[in-house]
Amino acid sequence: MDIDMKKVVLCRQKILLMIFLNFSDWLCTVTLLRYDGFFEANPLMVNLLDKPLLCFFVKCILPFILMSYIFYALPVSSKNIVKAVNIIMIVLGAIYLLINIL
């Protein structure tokens, strides 16, 4: 169970970045939808945009809760879990960066 705390810290930084990217995705979405010519590309989220509180919960609060759990569980996790979370955060971070750029 000997985990490298440097890897845990790096993984935690990626989780914090992911939380920020989730919030910025929501903020960009609701801001841009006020202008003609912009639309929600995610078919699962289109129906939630009519319900602002539910949309905020799904796009911001729920991911925050899930990532907070991972954030605090990492130090007691195995090396394999830390490695997997790091890889997942890199992939998700790249996807969210692309989404936010678009």
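Setting aside neighbours within four places in sequence, glutamate 40 touches Thr29, Leu33, Met45, Val46, Leu49 and Lys59. Keep in mind that this is a predicted model. Below is a quick tour of that glutamate, the nonpolar cores and the cysteines.

**Glutamate 40**
- You'll find glutamate 40 in the loop that runs between helix 1 (5-32) and helix 2 (52-73).
- Its relative accessible area is 14%, so glutamate 40 counts as buried, the cut-off being under 20%.

- As a rule, nonpolar side chains in soluble globular proteins tend to be buried together.
- The largest nonpolar core here has twelve residues: Val8, Cys11, Ile15, Met18, Leu21, Met67, Phe71, Leu74, Val82, Val85, Met89 and Tyr96.

**Cysteines**
- The disulfide count is zero, going by sulfur pairs within 2.5 Å.
- For cysteine 28, the nearest cysteine sulfur belongs to cysteine 60 and is 11 Å away; cysteine 28 itself is partly exposed, at 34% relative accessible area.
- Cysteine 55 also has cysteine 60 as the nearest cysteine sulfur, at 7.8 Å, and is in no disulfide.
- With 2% relative accessibility, cysteine 55 is buried.

Technical notes:
Residues are numbered from 1 along each chain as its sequence is written. This is a predicted model: local features need pLDDT of at least 70, side-chain atom pairs count only at pLDDT 80 or more; totals for chains, interfaces and linings use all residues. Side-chain values use heavy atoms; hydrogens and water are left out. Helices (H or I, at least four residues) and strands (E, at least two) are DSSP runs, numbered from the N terminus. Buried means under 20% relative accessible area, exposed over 50%, partly exposed in between (1.4 Å probe, protein chains only). Contact means heavy atoms within 4.5 Å. A nonpolar core is a set of buried Ala, Val, Leu, Ile, Met, Phe, Trp, Tyr and Cys residues joined through side-chain atoms within 4.5 Å.
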